[in-house]
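Subject: Structure for your study

Dear colleague,

Please find below the structure that I am handing over to you. Kindly keep it open while you read the notes that come after it.

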There are 2 protein chains.
Amino acid sequence: MIYDHRAPPMTKRPATSVPLIGVDRKSAEPLHRQVYESYRGAVLAGRLRPGQMVPSTRALALELQISRMPVLTAYAQLLAEGYFETRAGIGTVISEGLPVQRLASRTIQPSAPSADVGPRIVASRCLTPYRPFLPAWISGRGAFNVGAVALEHFPHRTWTRLVTRSARNGAGIGSARDVMGSLPLREAIADYLRTSRAVNCVADQIMITNGSQNGVELTVRALLDPGSPVWVEEPGYQLARDVLSMAGCRIVPVPVDQQGIDVARGIKLSRNARAAFVTPSHQFPLGMTMSVSRRLELLAWASKQGAWIIEDDYDGEFRYESKQIASLQGLDRDGRVIYIGTFSKVLSPALRIGYVVIPRDLLPYFMRVRWATDLGSEEFIQGVVTDFLREGHFARHLRSMRILYRERRSVLVEALERSLGSEAQIVGAEAGLHLVLLPKGLNDDVEPCKAAALEQLWLWPLSQCYYGPATEHGFVLGFGGTPPERIPKAVKQLKEVLRGRRQASLRPARP
Amino acid sequence: MIYDHRAPPMTKRPATSVPLIGVDRKSAEPLHRQVYESYRGAVLAGRLRPGQMVPSTRALALELQISRMPVLTAYAQLLAEGYFETRAGIGTVISEGLPVQRLASRTIQPSAPSADVGPRIVASRCLTPYRPFLPAWISGRGAFNVGAVALEHFPHRTWTRLVTRSARNGAGIGSARDVMGSLPLREAIADYLRTSRAVNCVADQIMITNGSQNGVELTVRALLDPGSPVWVEEPGYQLARDVLSMAGCRIVPVPVDQQGIDVARGIKLSRNARAAFVTPSHQFPLGMTMSVSRRLELLAWASKQGAWIIEDDYDGEFRYESKQIASLQGLDRDGRVIYIGTFSKVLSPALRIGYVVIPRDLLPYFMRVRWATDLGSEEFIQGVVTDFLREGHFARHLRSMRILYRERRSVLVEALERSLGSEAQIVGAEAGLHLVLLPKGLNDDVEPCKAAALEQLWLWPLSQCYYGPATEHGFVLGFGGTPPERIPKAVKQLKEVLRGRRQASLRPARP
């Protein structure tokens, strides 16, 4: 049964019950609110019982010596919320349906709910063991923060101009809901990817996502079932593994060597895996580029098995020894690769803009997931990024940032070599915004990271990048957000942290 | 094994093989690119074989009569991508590891992959039957669009001022990644919810989401396992059901009556349901307010069973007959309610900003899901919305929009009553931005909607809001985005569509 919207008219009749309620005309609380709250409180506390009549609005107004308007407002609210009901021929009463026994003990808690409130069952996916991406001892500040970019060189003036212009044009307030994202942005990205990354794509295949993490999530949800085995690089990117675990996939860590993921090992470990998550342009964290032969092996395996390859190209824009690396996707002729990119490293992670290049036949599945996820990304910033790309600011910014990061990289490598010499090896410094430092003989990288955190050094333990037991210990050092003049001091601190560790291990244990 | 970043030095030696490649100095393509592409093409086409030596950079530069720099650049790229490798004492060769047999037949496809490329298995969750939220015949334009808001009254001038000021202050480019969202925004929302919706909350409990759809998604992923039975209102909100189906939950449709969801029926259908999804302030689509007694029944059931209540308060800001309705969450003393709100109706759906009020003990689960989903929402627009709330623009905008929508509502109700009289019933017009029209004797609401779509009328069939077989047929009519002057004409069109249907059903079938 469906009820009619036309509420029954309020009956006018003399007062039939003494008002339990009072109002304070000096209070800042509006009178209608006071009347409403008094009745609501009295009902919830059980002082007014179901079926009990309430005075007419006129009678109550007279009784309280206030105008009738606030009483009408309060009654309308109490009727709308179901505390009151009107009965033909009788008038307004406390609703009959109210469960009396439950009301008597009920008081509204001003504080947060206590813990002692029955079973509190959450999704199993949230109870699987995992390593938090940010250990508690990392503050998120300090030198070597992985993921930080040179925000002090962000082109604020240009950006502000584009933002202001967009706002004046009324951008980002529209009603269009395209789960794929803004078409002009997708066109600009397609142009960029074809030219700079040899990605084989058109705008139709690109979905704008809330950063690359969201790209991985959407891909996994569109393509993989719980229980599906998935290859991940070992060591590899923890946040991608988190997505896979949360989706219930079975993680198959496949070691990397200097050519990238060891496809033959992967086939031995799990030939029937449903997907492989890889970072071919710049392996996270070790930094190597996947060789062409490995790329072809991986593609051949995927085509044969009907598996998917998720290519996360998170910072491939920054290479210091050669041009940008052509994508794995560009070598794929069977539509096996889902290519994921982001503006987090090249502009700012706060923008939360990434993209996925999707084989055409998979588009409906991605769209369906997106509808059930968030209906698409925020539009205003998409518009600004579009202008930034189209008007050439992006290419310019990329060029100047590449020079800037190359310098930071060189300063860091030199400082590390000068300071640690043969005590440590540096790997993966050809590209991206981080490198890996492998101090010789280090067999616990977590303790030094904790010590470093106390000194505002943001050291990321390499061991945490392993899904299984770590076979190497070291530190992932981000240099993107660390200005060159701060680097020598930070390296000195790092050396002291490492020395402290050594001395501590030499110190005799207390009896 | 981990490789060293220091690449072996390139050997200098005379040419040892005839270059297969040529360059065109008149081409717009840079010379290094031409050299790179020639080699890459020759390798991928199998014209150069693994192990085959390539000339030194000096020799090739001489041969091609170009400077050595582009050749060095191209070789560095080919080495980085693994087409070339350097061998001690020999020089640069085509990589040994390249799988020859696979190369021979490989050509890079400029077009999209063909469909005939082996098994293409996607997630089962994407293959479950569902009704698309937007049927193909709806263009997204036209009168009565449900979900549209009065964008022509959006406070563009104020908004632009706030956007420009934020951009000048460098907002939204930071590196802070708080999965909960901007704290000042959460504080402003907490203030608003406590005052206007009687929500029992502090800022700590609020997570900013990508619209309310994302709020539902995060809640479902944090709290519910595949197979969990969940109550939904019948008829109800399709997009919430989509989230539940995609999460593998078992949907239990529970009928609504004039007091809202029928809790006793729900208990009979599935006492052990893990959650209930409800719209207590303004039921979607029928528009009733859940009565206090039902609220208390629902809370009592949830507490007893350890179930969760997902309260979607998608447009509770707009009430025309009383003040805003107090939230269900405000009556909950056991931390059973997850309250979801959005700025989509009160500002614009394009902003994609919503929020979830989370019982404190559940915060870690929501945060874990968010880390694995997208790391949090875009920051710039959050800052602008914060200013909009804090500086009083929001309260002002809400007041003026309430007046505006009340007028649209009244114009629509009057036009419908004048035009259809007793031929139809109107329900749920006390609040929100839509009402439901129930033409008498209508037993198929989809066909008239298709006919209407041809005339730019956006009619939403009520039957599509049912999970099971529809027990009522009618139309959900949005008036938020339809200016009053357009309403009478649209109602006239609607009447003609209905008449056309009647005439069609009276017309004798062709022999």
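This is a predicted model: local features need pLDDT of at least 70, side-chain atom pairs count only at pLDDT 80 or more; totals for chains, interfaces and linings use all residues.

Residues are numbered from 1 along each chain as its sequence is written, chains are lettered from A and ligands numbered from 1 in the order in which they are written, and side-chain values use heavy atoms, with hydrogens and water left out.

Backbone

Most residues other than glycine have a negative phi, and most peptide bonds are trans. Against that background, where does a cis peptide bond occur in chain A? The bond from A:F284 to A:P285 is cis, with omega near 5°. A:P285 belongs to the loop between β7 (275-278) and α10 (292-305) of chain A; here helices (H or I, at least four residues) and strands (E, at least two) are DSSP runs, numbered from the N terminus. In chain B, the bond from B:F284 to B:P285 is cis, also with omega near 5°, and B:P285 lies in the loop between β7 (275-278) and α10 (292-305) of that chain.

Two residues of chain B deserve a look for their phi. B:A198 is not a glycine, yet its phi is positive, near 50°. This residue is in the loop between α6 (183-197) and β3 (206-209) of chain B, and it is buried at 18% relative accessibility (buried means under 20% relative accessible area, exposed over 50%, and partly exposed in between, with a 1.4 Å probe and protein chains only). B:Q456, again not a glycine, has a positive phi of about 65°. B:Q456 is placed in the loop between α14 (446-454) and β13 (460-461) of chain B and is partly exposed, at 46%.

Aromatic rings

Because A:W159 lies in helix α5 (residues 156-168) and A:F388 in helix α12 (residues 380-390) of chain A, the pair ties together parts that are 229 residues apart in sequence. A:W159 is buried at 2%, and A:F388 is buried at 0%.

A:Y237 and A:F284 also form an edge-to-face pair, with centres 5.3 Å apart and planes at 75°. A:F284 is buried, with a relative accessible area of 8%, and its bond to A:P285 is the cis one described above.

The charged end of A:R336 sits over the ring of A:W308, 4.7 Å from its centre; this requires NZ of Lys or CZ of Arg within 6 Å of the ring centre and within 35 degrees of the ring normal.

Yours sincerely,
A colleague

Terms used
Rings of Phe, Tyr and Trp (its six-membered ring) pair if their centres lie within 6.5 Å; planes under 30 degrees apart count as stacked, over 60 as edge-to-face and the rest as tilted.
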